[in-house]
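Biologist: I am new to this structure and would like to go through it with you. Could we look at it together?

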Amino acid sequence: MTRSPLTTPPPGAVVPAAHPEGPPPGTALGSHYGRCFGCGTDQPTGLHLKAVTPDGATVEAEFTVGEAHQGSPMLAHGGVLAAAMDEVIGMSVYLFRKPYVTGRLETDYVLPVPVGTTLHLRAWCNGITGRKAYLEAEGRIGAPNGPVAVRAAALFIEVGMGHFAKHGDLSAIATELQDYEVNP
């Protein structure tokens with residue numbers, strides 16, 4: 001994947017280690033919000049990503065492309081694949097115990113992904129500088145070592161929890177995100 005300068009870490013960016021208060025290696029990562037399209041268990045047509053952190057600093061996840069995820073007949077919609085990449089990258093940055101939002105997402109579509117296919121996703125951080133995190137992800141067909149179908153590079157921006165209170169639903173945040181201070 002050829003990344004743009006906007007998703008390439010600048011000199012001096014630091015690749016973070018696992019956070020000392022983050023989930024230990026092998027931990028299954030739950031949904032950050034039940035109605036989230038990417039990971040929510042209460043979202044009927046969502047991706048229902050199931051994720052783990054193998055080492056406390058990266059995320060591995062999978063989802064099976066369903067009928068509701070079609071773009072062309074019996075093929076995954078490109079926007080759904082981009083959403084999956086955004087979600088797994090967002091899960092990886094969550095491991096650093098700070099709230100981030102997507103600033104830029106670049107997606108390369110390498111192979112078509114048929115309905116019924118299980119995509120194996122992996123995301124990692126290439127560096128953090130200031131409030132900016134530079135991340136990548138890949139999605140492989142059928143197995144963790146299967147052919148690459150989609151790749152992504154992203155820039156995520158650290159925000160305070162007040163961002164979500166101002167632009168979202170403070171009561172939902174308070175109910176589901178117990179790990180963060182949500183008072184703006």
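Predicted model: local features only at pLDDT ≥ 70, side-chain atom pairs only at ≥ 80, totals over all residues.

Biologist: Which residues of H1 are buried?

Modeller: The buried residues of H1 include Val 80, Leu 81, Ala 84, Met 85, Val 88, Ile 89 and Ser 92. Glu 87 is buried in H1 as well.

Biologist: And what covers the buried residues of H1?

Modeller: Several strands take part in the cover, including E2 (50-53), E3 (59-64) and E4 (100-109). Strands E5 (118-129), E6 (132-141) and E7 (148-158) also belong to it.

Biologist: Changing topic: what volume does the second largest pocket have, and which residues line it?

Modeller: The volume of the second largest pocket is about 150 Å³. Its lining consists of Glu 60, Ala 61, Glu 62, His 120, Leu 121, Arg 122, Glu 138, Arg 140 and Pro 144. Strands E3, E5 and E6 each supply at least two residues of that lining.

Biologist: How many of the lining residues are nonpolar, polar or charged?

Modeller: The lining of the second largest pocket has 5 charged residues, 3 nonpolar and 1 polar.

Biologist: On charges, then: how many salt bridges are there?

Modeller: The count comes to 3 salt bridges. In one of them, Glu 138 pairs with Arg 122, and the closest N and O atoms are 3.6 Å apart. Glu 138 lies in strand E6 and Arg 122 in strand E5, so this pair ties together parts that are 16 residues apart in sequence.

Biologist: Are Glu 138 and Arg 122 buried or partly exposed?

Modeller: Glu 138 is buried, with a relative accessible area of 12%. Arg 122 is partly exposed, with a value of 32%.

Biologist: With which residue does the side chain of Arg 140 meet in a salt bridge?

Modeller: The side chain of Arg 140 meets that of Glu 138, at 3.0 Å from N to O.

Biologist: Which residue forms a salt bridge with Glu 106?

Modeller: Glu 106 forms a salt bridge with Arg 104, at 2.9 Å from N to O. Glu 106 is buried, at 12% relative accessible area, whereas Arg 104 counts as partly exposed at 34%.

Biologist: One last topic, the backbone. What is phi of His 48, and where is this residue placed?

Modeller: Phi of His 48 is near 55°, a positive value in a residue other than glycine. His 48 sits in the loop between strand E1 (27-29) and E2, and it is partly exposed, with a relative accessible area of 28%.

Biologist: What about Arg 97, and where is it found?

Modeller: Arg 97 is found in the loop between H1 and E4. Its phi is positive, about 65°, although Arg 97 is not a glycine. Arg 97 is partly exposed, with a relative accessible area of 26%.

Note on methods:
Residues numbered from 1 in each chain as written. Heavy atoms only, no water. Buried < 20%, exposed > 50% of the residue type's maximum accessible area, 1.4 Å probe, protein only. Helix = DSSP H or I, 4+ residues; strand = E, 2+ residues; numbered from the N terminus. Contact = heavy atoms within 4.5 Å. 1 Å grid on protein atoms, 1.4 Å probe; cavity = no way out; pocket = protein on both sides within 12 Å on 5 of 7 lines; lining within 4 Å. Points joined across faces, edges and corners; volume = space filled by probe spheres on them. Nonpolar A, V, L, I, M, F, W, Y, C, P; charged D, E, K, R; others polar. Salt bridge = Lys/Arg side-chain N within 4 Å of Asp/Glu carboxyl O.
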